[in-house]
Amino acid sequence: KVFTTREARDLAARTGTGITYYESDVYNAGSVADGPYDLVYTGIGALCWLPAIRPWAEVVASLLRPGGRLFIREGHPMMWAHDETLSPPALGYPYFETAEPIAIDDPNPGTFVATDVTLKVGLSHSWNHGLGEIFTALMDAGMAVTAFEEHDSVPWCAFPGYMTRDDAEEWRLTDHPERLAASYTLQATKQG
């Protein structure tokens, strides 16, 4: 379940959990939060909404104490570069970060969040960030990559009609899943 900030605060109050919440634009999070923190988690499907990866890496480093850890589970830029509307899906979008967004106007807009609301606007803007760009941005921000693993699966059906859901509730290509790096996990530690 995806929680709104209000729902998260209500849940914390009902369970007697003392949690401080901060709301901020990602790039300004370092100026809002009290930090430093032990862990920054970036969930899957987050980085594609950021026009530039370097400012994100700098914010991550600013939030962490020395020795603090970053954990990312993210869609692989190889997967994001594929146009899922083609049959079969094929390369159609940039692998590397570009100044201009990837604009997609979906005639049947939807969302992964359970809702009764019918979406009327399907236009979205996103950006891809190559693995080298992500690694370099983190290292330039004072982070050391400590673990990295690529996966042939994602937690949603990225290519309808071409993926099968497994027992772990992950989706992978039905035919030869080893051909596509679909997601990755990365861990990094703040130096010094």
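**The cavity and its lining**

The residues that line the largest cavity are Leu47, Cys48, Glu74, Gly75, Pro77, Trp80, Trp127, Asn128, His129, Ile134 and Tyr184. Two elements each give two or more residues to this lining, namely strand S2 (64-75) and helix H4 (77-80).

How many cavities of 30 Å³ or more does a search of the whole structure find? The search returns 1. The volume of the largest cavity is about 50 Å³. Sorted by class, its lining comprises 7 nonpolar, 3 polar and 1 charged residues.

**The salt bridges**

I turn now to the charged side chains. As a general point, side chains of opposite charge can pair when their charged atoms come close. Over the whole structure, the search identifies 8 salt bridges, and I shall discuss several of them.

Let us begin with Arg6 and Asp10, whose side chains form a salt bridge at 3.8 Å, N to O. How are these two residues placed in helix H1? Helix H1 covers residues 5-15, and because Arg6 and Asp10 lie 4 residues apart in it, about one helical turn separates them. As for accessibility, Arg6 has a relative value of 57% and therefore counts as exposed, the cut-off being over 50%. Asp10, with a relative accessible area of 34%, is partly exposed.

The second pair is Asp140 with Arg54, a salt bridge with an N to O distance of 2.9 Å. Which parts of the chain does this pair link? Asp140 belongs to helix H5 (residues 131-140) and Arg54 to helix H3 (residues 53-63); the two residues are 86 apart, and the pair links distant parts of the chain. Asp140 is exposed, its relative accessible area being 54%, while Arg54 is partly exposed at 40%.

**Summary**

To conclude, the predicted model holds 1 cavity of 30 Å³ or more and 8 salt bridges. Among these salt bridges are Arg6 with Asp10, and Asp140 with Arg54. Thank you for your attention.

Terms used:
Residues numbered from 1 in each chain as written. Predicted model: local features only at pLDDT ≥ 70, side-chain atom pairs only at ≥ 80, totals over all residues. Heavy atoms only, no water. Salt bridge = Lys/Arg side-chain N within 4 Å of Asp/Glu carboxyl O. Buried < 20%, exposed > 50% of the residue type's maximum accessible area, 1.4 Å probe, protein only. 1 Å grid on protein atoms, 1.4 Å probe; cavity = no way out; pocket = protein on both sides within 12 Å on 5 of 7 lines; lining within 4 Å. Points joined across faces, edges and corners; volume = space filled by probe spheres on them. Nonpolar A, V, L, I, M, F, W, Y, C, P; charged D, E, K, R; others polar.
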